[in-house]
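Let's take a walk through this structure together. Keep the sequence and the coordinates open side by side as you read.

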Amino acid sequence: MLFPQNTPTRSLVSLDGTWDFCIDPGRDEPTLDGASADLPGAEKMAVPASYNDLSQDAAVRDHIGWAWYQRWVTPSRLWAGQRLVLHFGSVAHHARVFIDGAEVARHKGGFLPFQVDISEFVDVAAPFRLAVAVDNRLDWSCLPCGEIKEPKGPQYPDGYRQQVIHFDFFNYAGIHRSVHVQVLPPVHVVAAQVDAQVDEQGRGQLAWVASLSDQAGLRVECCDAEGRIVASGSGIQGSCTLDEVHLWQPGAGYCYTLWLIAEDADGNELDRYPVRTGFRRIEVSKEQFLINGTPFYFRGFGKHEDSTLSGRAHNPVTLIKDLKLLGWINANSFRTSHYPYAEEVLDLCDELGIVVIDESPAVGLWDHSAPVFDCGKVGDDTLAHHNDVMSDLIARDRHHPCVVMWSVANEPASWEEGARPYFEAVVAHTRELDATRPLCCVVNTSAQGDRIQDLFDVTCLNRYPAWYSDPGRLETIEPGLLHDLREVHERFGKPIIITEYGADTVAGLHNDPVTMFSEEFQVEYLKACHRAFDALPFVIGEHVWNFADFMTKQGITRIIGNRKGVFTRDRQPKASAHYLRQRWQEASRP
Ligand code: BDP
């Protein structure tokens, strides 16, 4: 699947804006005829957005099950004779799509795009009703994992149910990314896999595998960032060599564009689509992560796609502010915790030279009260879906030079025996898809407690000393981390990135001597962690948890969300942001 773009042969019609919306009372299946009739009592809803925070009704915010989106689309006469492909950037978590009552697509998984050719369902002379049914329920067969529980007792009304989730972010739902009708020429490029490799001498190799909607020729042209054609080739599958490439570097993104040009037998151009990519070399040794032969130290954050009002939806306003703040604080990287982010995010990271660890939505694969791998809750269905998601994720993101590593999961129950065969399968599948990037799985286990880390190239650890253990005991952080990280490195012999460490901090709360939840505590907390990291040569990165405060489910440890942000949810700096800015500025001096 290709990201929707306007090109000389293609045009995009955005369906973003306001749609009609209503909650469906159905327990398992939708009960309303939202596909072919007006929605009863419809309210207006923004697209893209999570629906949860746009209603004044807690029942909408906390809804479990189906909801309907609907709008009319008026085709243009210019669509006649073209292929019409409806594209959704993401819909959380299960979607069914209808045109004038006919079901045209189903999709499972809330963080990756899907599309469907709707040409046969559209009469370009008449408006059509587009409806999307969205189900936000999570079970053990999808990612993220969750389960529906039906607790019984006098306090629970009949039929009461809860969506139990074993992850720490609000289960936002809705149409989260843009919706487009792509108006494509009858013969067009359907998909393309583009891989850019560069050797130590600076010679680049650009390989492509494309598919077309019909028989045609394919020519490719590779342009540098200034638009000069620097290489060309032909064939559905092929490669071309560039004698000397301009490298993509952290902090200095440089991109090439591979134009895929479909042609008829006479050389007439039928379709033209650009894939942007870049050349950089990634290597991992026992103690280093090298980009273009230079050791790279990850300075940055685990993030979320999360903002007030929009919820989990892609929002260019928040994206731009976040990228500005990453620059301001001297960060060079982030992890797309805990799911793939919008493609627009990666595009800008390519351009700006921001390094990204691209994570799958495999989170919540644990339960504090029971095993999940060993008792089959996370089983064959989960694995099949996990592998599908890795295929879709890599198909979507493989051409991005900013993506330097795939993270296959966050904090699965990696201490269970059953985790091993499960992750052996995921790793084998993922390495087959992309042999060029290192793999990691973010864990919170100790050296002795872990059964899977040896399968990965970089050890990624989440650590909360003096927070979830020994709360407030700052003096335990440095000795504890030194011991713990040395043990982990001795056992696995891989470089270590601390992918999470942090402390909940209520902006504006001060206490001296320092106390948990105060701004002063967060600063002292980070300093103590840094003393340990700085003493260990095999620690190759620090990603603070979290970039900004974010919404979670309600709970006694969450004060309207998780407050571990270095920025507030509206992106204002806490004291820790100024401290990090200073630390990372000093680190970035040559
Ligand atoms: C880690 C999780 C992350 C949480 C964080 C926390 O990976 O999603 O938000 O803990 O508790 O275990 O703040």
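**Starting from a buried aspartate**

Asp306 sits in the loop between β25 (298–302) and α2. Before going further, a word on ground rules: this is a predicted model, where local features need pLDDT of at least 70, side-chain atom pairs count only at pLDDT 80 or more, and totals for chains, interfaces and linings use all residues. Residues are numbered from 1 along each chain as its sequence is written, and side-chain values use heavy atoms, with hydrogens and water left out. As for the element names, helices (H or I, at least four residues) and strands (E, at least two) are DSSP runs, numbered from the N terminus.

Back to Asp306. Its relative accessibility is 4%, so Asp306 counts as buried (buried means under 20% relative accessible area, exposed over 50%, partly exposed in between, with a 1.4 Å probe and protein chains only). Which residues is Asp306 in contact with, leaving aside its neighbours within four places in sequence? The list is Tyr172, Gly311, Arg312, Thr318, Asp549, Phe550, Met551, Arg569 and Arg571, where contact means heavy atoms within 4.5 Å. Then look at Phe170: its C-alpha atom is separated by 9.2 Å from that of Asp306, though the two are 136 residues apart along the chain.

Arg571, one of those partners of Asp306, deserves a stop of its own. You'll find Arg571 in the loop between β32 (539–545) and α8 (575–588). With a relative accessible area of 5%, Arg571 is buried. Its phi is positive, about 70°, although Arg571 is not a glycine. Most residues other than glycine have a negative phi, and most peptide bonds are trans. Asp100 is another non-glycine residue with a positive phi, near 45°. That one is found in the loop between β7 and β8 (102–108), and at 44% relative accessibility Asp100 counts as partly exposed.

Asp322 is in contact with Lys303, Phe547 and Arg571, once neighbours within four places in sequence are set aside. Asp322 belongs to helix α2 (residues 316–328), and at 4% relative accessibility Asp322 counts as buried.

**Two helix pairs**

Helix α2 packs with helix α3 (residues 343–352) at an angle of about 30°, their axes 11 Å apart. (Axes are lines fitted to C-alpha atoms, for helices over the stretch in contact, and angles run from 0 to 180 degrees between N-to-C directions.) That makes α2 roughly parallel to α3; angles under 35 degrees count as roughly parallel, over 145 as roughly antiparallel, 65 to 115 as roughly perpendicular and the rest as oblique. On the α2 side the contact is made by Leu319, Ile320 and Leu323, and on the α3 side by Glu344, Val345, Leu348, Cys349 and Leu352. By class, that is 7 nonpolar, no polar and 1 charged residues, counting Ala, Val, Leu, Ile, Met, Phe, Trp, Tyr, Cys and Pro as nonpolar, Asp, Glu, Lys and Arg as charged, and the others, Gly among them, as polar.

Now for the other pair. Helix α4 (residues 380–397) and helix α5 (residues 419–433) pack at about 25°, with axes 10 Å apart. That makes α4 roughly parallel to α5. From α4, residues including Leu383, His386 and Met390 meet α5 residues that include Phe423, Val426 and His429. This contact has 8 nonpolar, 6 polar and no charged residues.

**Rings and cis bonds**

How many aromatic pairs does the structure hold? There are 29, with rings of Phe, Tyr and Trp (its six-membered ring) pairing if their centres lie within 6.5 Å; planes under 30 degrees apart count as stacked, over 60 as edge-to-face and the rest as tilted. Phe170 and Tyr172 have ring centres 4.6 Å apart and planes at 50°, so the pair is tilted. Both Phe170 and Tyr172 are buried. Trp545 and Phe550 have ring centres 5.8 Å apart and planes at 80°, so theirs is an edge-to-face pair. Phe550 is buried, at a relative accessible area of 2%, and Trp545 counts as buried at 4%. Elsewhere, ring pairs link Phe111, Phe167, Phe169, Phe334, Tyr339 and Tyr341 into a cluster.

Finally, check two peptide bonds. The one from Ala92 to His93 is cis, with omega near -5°, and His93 lies in the loop between β6 (91–92) and β7 (94–99). Asp512 and Pro513 are also joined by a cis peptide bond, with omega about 0°; Pro513 is in the loop between β31 (496–500) and α7 (519–534).
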